[in-house]
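Visitor: I am new to this one. Could you show me the structure and take my questions?

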Amino acid sequence: MLALLTTIREAIANWWSEFTLQTKLLAVATLVVSLVMSGLTFWAVNTIQQDARMNDTRFGSDLGLLLAANVAPLVADQNLTEVAQFSQRFYSSTSSVRYMLYADETGKIFYGIPFWEPEVENSLTIERRIQLPEDYSGDGEKPMVRQHMTPDGSVTDVFIPLIVNKKYLGVLAIGINPNQTAVISTNFTRDVTIAVFITIWVMVILAGVINALTITKPIKELLVGVKQIAAGNFKQRIDLPLGGELGELILNFNEMAERLESYEEQNIEELTAEKAKLETLVSTIADGAVLIDNSMQVILVNPTAQRIFGWESEEVVGSNVLHHLPSAVQMEIARPLYEMAAGECESAEFRIHLNQSIKRTIRILLTTVLNVQRESIKGIAITVQDITREVELNEAKSQFISNVSHELRTPLFNIKSFIETLHDYGEDLSIEQRQDFLQTVNHETDRLTRLVNDVLDLSKLESGRNYNFDGVDLAQAIEQTLRTYQLNAKDKGIELIQEVAPSLPLVVGNYDLLLQVLANLVGNALKFTEAGGKVAIRAYQLDPKPNSHNQSSQVRVEISDTGIGIAQEDQQAIFDRFFRVENRVHTLEGTGLGLSIVRNIMERHRSKMHLVSEVGVGTTFWFDLTLFDEDASTKVVAPTAEPSKIPTA
């Protein structure tokens, strides 16, 4: 028996494995749907049965109350003959009542229907009793209802107390038959549901068997054949005696295999060459890639190359690549392409600057595509790399190193020259000459120190170092800056003007960094202002914007001068490193890092530097700072304020 069960289980498992995943999913879905629908049907049947029982209960209660109301006075008058006649008429007129029993207060039955006719005449001598439930209340106003099962079906028992003038006379027991229509309907629905469920699964099983025998097996054979073809075995054939669509499909498959076998024998070398070309293109797909043949005709081109050369709206495949290349690229690679096609060289590399709508620098790599035996050239692969960003970074690096080297070389050369002179000819020089030499050396040393300090400051600011921000008294910082430059301004004959609003609130910032900003801006203003000019520093509180979510106002700081001004073309680059306006307008010394440091400090304060300048009139620099909130535990810098037009001082 165990061996038989094992054999059946293995047969079912093998039969189930013959189905495809789609068929298995369909079977599971059918099972779920059928179970759900059957469950819903049985639930509906159960609900109908409960409703029917509830209706029987209500009907029995109402009927019992009606009968009790009519027979209670007769029982009280001991008119049992009238009770019997009334009950008999009522029992005969309805099929819903199965029995009617009357019992006195002790539970002894003194009349009941149905009984045999002789027993009706002697109904008062019936020695039967009603065993009432323990929880039955004889003086209650509502009848007690219960149900019990009989061989003929469920019966609803209703016990109604007979009460006249609040005196308990006995009990009336009525048996109510169930609603036959509801019983028949529910039984029919249940039987139909079971039949439908069984029918569905019989059909599903039959469909599965038919599918396994007529569809699954040929499809598996086709799948094996397709895999063999994909693996390169073009001798694969399928021999199944089937008709219809499957037979036609198998016939077409065999014809396809025959043609592929023929093509393999005739064009194996061409297919291998095409494969080599595609592999070369795939290996360079990260950059721009163009594949051409020996006659310079484009075979393949990827989107990156189209974007770099501007070929988005052109159809270049099938045409000469030299007709579509930019002139600068064409001049560089035309000759090497023909040399590679002739086999004179295998690869070449070029770096070319393109002056199109977007200036960029590209690197072009040329590589020959050889056949399998690597004996003949089948085409040329052109790889295009956009190295614009790399070139810009290298140029910026070289320029920075060159500028630093140049700025360091001049003071070091002057210091060395004067010290060597003092060392070699110190005895021959006068005291005044030695003092001049030493003063020059000191001046160059200060210049070298300023340059090194500026480079270090800029490096710290750009390195991501954290600075503590707290409440800063701008009036104090401005006062300290003006004291520092008071003597310098007096020597140059320049008037320093301070316009700081009274009771200026604290701002969020770093005192030392803001002091450095003020020193740089005031120093530049004094350096570029002629004698008799003015340099003004102002600080005042801005009103909050009416439509701004940020209701806290800001403080604006302005540094204005009546100096030489800055040309419009220089204003965009004025904050770049080592950019010096004096190279164009005069020969005053400077490191060219001051304003770059100022810009970085303002970015740390989440603000921006703004300027308005006119050559020969003057320049105004300004920036905005956020008010300091003394109640906030964390100091947060507000976003940069929008610039406004400030008249030039």
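Visitor: Is M296 buried or exposed?

Guide: This is a predicted model, where local features need pLDDT of at least 70, side-chain atom pairs count only at pLDDT 80 or more, and totals for chains, interfaces and linings use all residues. Residues are numbered from 1 along each chain as its sequence is written, and side-chain values use heavy atoms, with hydrogens and water left out. M296 sits in the loop between β7 (288-292) and β8 (298-301); helices (H or I, at least four residues) and strands (E, at least two) are DSSP runs, numbered from the N terminus. Its relative accessible area is 0%, and buried means under 20%, exposed over 50%, partly exposed in between (1.4 Å probe, protein chains only), so M296 is buried.

Visitor: What is the phi of M296?

Guide: M296 is not a glycine. Still, its phi is positive, at about 70°.

Visitor: Is Q78 buried or exposed?

Guide: Q78 lies in the loop between α2 (21-76) and α3 (80-93). Its phi is also positive, near 60°, in a residue other than glycine. Its relative accessibility is 61%, so Q78 counts as exposed.

Visitor: Which strands stand at the edges of the five-strand sheet?

Guide: The open sheet has mixed pairing and the order β13-β15-β16-β18-β17. Strands pair if DSSP finds at least two bridges between them.

Visitor: Which residue of β16 is the bridge partner of A539?

Guide: β15 (residues 534-541) and β16 (residues 554-561) pair in the antiparallel sense, over seven bridges. In β16, the partner of A539 is V557.

Visitor: Which strands does α12 lie across?

Guide: Helix α12 (residues 511-527) runs at about 25° to β16; axes are lines fitted to C-alpha atoms, for helices over the stretch in contact (heavy atoms within 4.5 Å), and angles run from 0 to 180 degrees between N-to-C directions. The strands it lies across are β13, β15, β16 and β18.

Visitor: How are α11 and α12 oriented to each other?

Guide: Their axes come within 10 Å and cross at roughly 25°. Angles under 35 degrees count as roughly parallel, over 145 as roughly antiparallel, 65 to 115 as roughly perpendicular and the rest as oblique. The two helices, α11 and α12, are therefore roughly parallel.
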